[in-house]
2 protein chains.
Amino acid sequence: MIIDCHGHYTTAPPALWEWRRRQVAGENPGPLRIPDDQIRESLEGAQLRLQRERGTDLTFFSPRAGSMEHHVGDAQVSAAWSRECNDLIHRVCRLYPQNFAPVCQLPQSPGVAPANCIPELERCVGGLGFIGCNLNPDPSGGWWTSPPLGDRWWYPLYEKLVELEVPAMVHVSSSCNPAFHFTGAHYINADTTAFMQFLSSDLFRDFPTLKFVIPHGGGAVPYHWGRYRGLAQDMQRPPLKELVLDNVFFDTCVYHRPGIELLLKVIPADNILFASEMVGAVRGVDPESGHYYDDTRRYVDAIDWLAAEDRDKIFHRNARRVYPRLLRNLSSPRL
Amino acid sequence: MIIDCHGHYTTAPPALWEWRRRQVAGENPGPLRIPDDQIRESLEGAQLRLQRERGTDLTFFSPRAGSMEHHVGDAQVSAAWSRECNDLIHRVCRLYPQNFAPVCQLPQSPGVAPANCIPELERCVGGLGFIGCNLNPDPSGGWWTSPPLGDRWWYPLYEKLVELEVPAMVHVSSSCNPAFHFTGAHYINADTTAFMQFLSSDLFRDFPTLKFVIPHGGGAVPYHWGRYRGLAQDMQRPPLKELVLDNVFFDTCVYHRPGIELLLKVIPADNILFASEMVGAVRGVDPESGHYYDDTRRYVDAIDWLAAEDRDKIFHRNARRVYPRLLRNLSSPRL
């Protein structure tokens, strides 16, 4: 079995984006009406087709990351938008319980305490069977005005995550800072930044069971693993293994084989979760290989020195361990 | 011969930092007085010893990056501080012309046009034999308030760099944004960000001979090379090879062997310049190898599939090509 822990509903029907346009324009968007058929249509030729073609089974599915836009409007706007997006994800997962497991967007807002997200998190996890959430370390959209993730500012939300046994994927949204291209710089920088915030803090001493997935292969971190080991040492912190590897996991959204090879060489197999982020940031076919850049399964499959046991961990065992609600909340016959 | 293209005067005598303290405090720091012996002492047990131990020959040497602090004070403060730092680098390189070649700090200041740096650049290059400069894409120190590097805001400075045949290393300074640890996040993010700014712009159509070195192994870029190739393709830009590889070079400041291997596998040898950044961000000895993390020569030496010709390019030929003033400005018998 292959679980893809990182997929967004990038192909949601136009009615969702029209609802959002109206909301942002200050018009009353009214109730969001999307028939089941439109949902099916939006997925059949995209994520579902790609699952079949690539031989992956279950995708952890969350609202489009670039559209979370926590920086747009205030906390009420963010709450209403998150609710619509999460409800739509819930519908997707009820229509295709074998193909998708739900991960929610949080109604963050710049300057607003993260504790404010707890009701929506509880609604999604407790009420609707969600198994994870996306946490934005920079709800300002590229201005990085929030305290680092190790700050107590975030603690009430972490307490709830621990209580609910829900991991968070660290995922920013679009960038309104012209310095940062969103998928080419902001996403990757956020991954790197979050890791360094974890390294510098005592977060996991305070929350030994809190779990984060850092997407996009961990940003720059595995490539600079020696740098991070050395920085931790210079800062007289414990070795990275003790400091973060019970709590931090990396996905495999790295779109070429040498990158995946480095990730698998450097990071213990226990800390890697298979993912592709399809249909996502990079949609083309690599003319050098003839395959989609984001067909990350091919890169993992091609690594012949990977032990069978480690492959199983990466493809599905770690995902079950990091997302314990997967088995509890869902009734997929494949699990 | 081995040229290390990336070293900072991190070990400068205390009088320099005391001068800076006074300047920032608004006191008159007076003339900076450092005897030659203090300069020798600051280098003999540090950079010079490490050059000898590691068998490297010449280091491109610039003021301490974290202390450029373009965000502190105004343009006058930045100009006076840059002048002192650059003069000290000039003295180092006159004392040890076989060991160091000078690279200058620019007197940038947030919101001030980069053209303002031209007089100091001309003084250093034309008057004092400097061969390169460090360009800070974020003089705000972590708030990223400047236009991207492809913006015309930067063009007058680029015109001068091209005229003088001087490359710029893209290098931020310390971070006053608590989200970004300076050497663990801000430096690496800046490298990634700058590359994506280049990828998104027509800068190198406008300046076909302008050259940038992206330090720290190019941030996250080589690890995510497939992502960047795919993003360029999705954006209908030319292939990266055509788009940036005549103008953009990566150094080897990656502090473990798998990272260096990835860099050398993915990036053409013509675009890689040897560097260690010693004495720099990571100063410890790796307990797993028994060697300094930043002894990057060991990682390059250990790669047995690297062709002798490519090794020569990485160790010194590319540096001579990218920094054409090296031969013109210096009279080192080794060159």
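This is a predicted model: local features need pLDDT of at least 70, side-chain atom pairs count only at pLDDT 80 or more; totals for chains, interfaces and linings use all residues.
## Extent of the interface

Chain B places 56 residues in contact with 56 residues of chain A. Together the two sides bury about 4,500 Å², and carbon and sulfur atoms account for 55% of that area. On the chain B side, the residues that lose the most area to chain A are B:Tyr223, B:Arg227 and B:Arg229, which together make up 18% of what that side buries.

## Polar contacts and contributing elements

Between chain B and chain A there are 31 residue pairs in polar contact, counting pairs with both residues at pLDDT 80 or more. Several elements of chain B each supply at least two residues to the side that touches chain A: helix H7 (182-199), helix H9 (225-234), helix H11 (257-266) and strand E9 (285-286). H7(B) gives the largest share, ten residues.

Sorted by class, the side of chain B that touches chain A consists of 29 nonpolar, 19 polar and eight charged residues.

## Salt bridges

Six salt bridges cross the interface of chain B and chain A. One pairing is between B:Arg229 and A:Glu288, whose closest N and O atoms are 3.4 Å apart; a salt bridge is counted within 4 Å. B:Arg229 is also among the residues of chain B that lose the most area to chain A.

Over all chains, the count of salt bridges is 50. B:Arg229 belongs to helix H9 of chain B, while A:Glu288 sits in the loop between strand E9 (285-286) and strand E10 (291-292) of chain A, so this pair joins two chains.

## The sheet of chain B

Chain B contains an open sheet of eight strands in the order E1-E2-E3-E4-E5-E6-E7-E8, with parallel pairing. Strand E1 (3-9) and strand E8 (272-273) of chain B are the edge strands, each pairing on one side only. In general, the strands of a sheet pair through backbone hydrogen bonds, in either a parallel or an antiparallel sense.

Terms used:
Residues are numbered from 1 along each chain as its sequence is written. Chains are lettered from A and ligands numbered from 1 in the order in which they are written. Side-chain values use heavy atoms; hydrogens and water are left out. Contact means heavy atoms within 4.5 Å. Buried area is the accessible area (1.4 Å probe) that two parts lose on being put together, summed over both. A salt bridge is a side-chain nitrogen of Lys or Arg within 4 Å of a carboxyl oxygen of Asp or Glu. A polar contact is a pair of N or O atoms within 3.5 Å; within protein, one must be able to donate a hydrogen and the other to accept it, and residues adjacent in sequence count only if both atoms are side-chain atoms. Helices (H or I, at least four residues) and strands (E, at least two) are DSSP runs, numbered from the N terminus. Ala, Val, Leu, Ile, Met, Phe, Trp, Tyr, Cys and Pro count as nonpolar, Asp, Glu, Lys and Arg as charged, and the others, Gly among them, as polar. Two strands pair if DSSP finds at least two bridges between them.
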